[in-house]
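Please read this note with the model open beside you.

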Amino acid sequence: MKELLKNSARRVARQIVDMSDDTRKAMLKTFPTELKCKIVEEMVNIRLERLRGPDGTIRPVKVSER
């Protein structure tokens, strides 16, 4: 059962991660709390994967010019 929940959360996260904040929040409100938490976890994982370089380290998005 937990594997099904994780797979469902991953699938939904991939579909909504790039939506606007308002649309994403409206979608998340329709899910039960446990599933909502799993979806948010998966969205964070997706965003971190996108930031990782080929060597596995997280690349900075913006470079500070102070």
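1. Terms first. Contact here means heavy atoms within 4.5 Å. Helices (H or I, at least four residues) and strands (E, at least two) are DSSP runs, numbered from the N terminus.

2. Basis. This is a predicted model: local features need pLDDT of at least 70, side-chain atom pairs count only at pLDDT 80 or more, and totals for chains, interfaces and linings use all residues. Residues are numbered from 1 along each chain as its sequence is written, and side-chain values use heavy atoms, with hydrogens and water left out.

3. The helix pair. Two packed helices are described by the angle between their axes and the distance between the axes. Helix 1 covers residues 2–16 and helix 3 covers residues 33–51. Their axes come within 8 Å and cross at roughly 60 degrees. Axes are lines fitted to C-alpha atoms, for helices over the stretch in contact, and angles run from 0 to 180 degrees between N-to-C directions.

4. Orientation. Helix 1 and helix 3 are therefore oblique to each other. The cut-offs: under 35 degrees is roughly parallel, over 145 roughly antiparallel, 65 to 115 roughly perpendicular, and the rest oblique. Helix 1 passes helix 3 in a right-handed crossing.

5. Who meets whom. From helix 1 come Leu-5, Lys-6, Ala-9, Arg-10, Val-12, Ala-13, Arg-14 and Ile-16. They meet Glu-34, Leu-35, Lys-38, Ile-39, Glu-42, Met-43 and Ile-46 of helix 3. By class, this contact has 9 nonpolar, no polar and 6 charged residues. Ala, Val, Leu, Ile, Met, Phe, Trp, Tyr, Cys and Pro count as nonpolar; Asp, Glu, Lys and Arg as charged; the others, Gly among them, as polar.

6. The core. The largest nonpolar core has 10 residues, including Val-17 and Leu-28. Helix 1 and helix 3 each supply at least two of its residues. Such a core is a set of buried Ala, Val, Leu, Ile, Met, Phe, Trp, Tyr and Cys residues joined through side-chain atoms within 4.5 Å. Buried means under 20% relative accessible area, exposed over 50%, partly exposed in between (1.4 Å probe, protein chains only). In soluble globular proteins, nonpolar side chains tend to be buried together.

7. Ala-9. Leaving aside neighbours within four places in sequence, Ala-9 is in contact with Leu-35, Lys-38, Ile-39 and Glu-42.

8. Glu-42. This charged residue lies in helix 3. At 11% relative accessibility, Glu-42 counts as buried. Again leaving aside neighbours within four places in sequence, its contacts are Lys-6, Ala-9, Arg-10 and Ala-13.

9. Lys-38 is in helix 3 and counts as partly exposed, at 32% relative accessibility. Its C-alpha atom is 6.8 Å from that of Lys-6, 32 residues apart along the chain. Leu-5, in helix 1, touches Glu-34, Leu-35 and Lys-38, not counting residues up to four places away in sequence.

10. Thr-30. Look to the loop between helix 2 (21–28) and helix 3 for Thr-30. At 60% relative accessibility, Thr-30 counts as exposed. Thr-30 and Asp-18 are 12 residues apart in sequence and 18 Å apart in space, C-alpha to C-alpha.

Key. Left-handed = near helix turned anticlockwise from the far one by under 90°.
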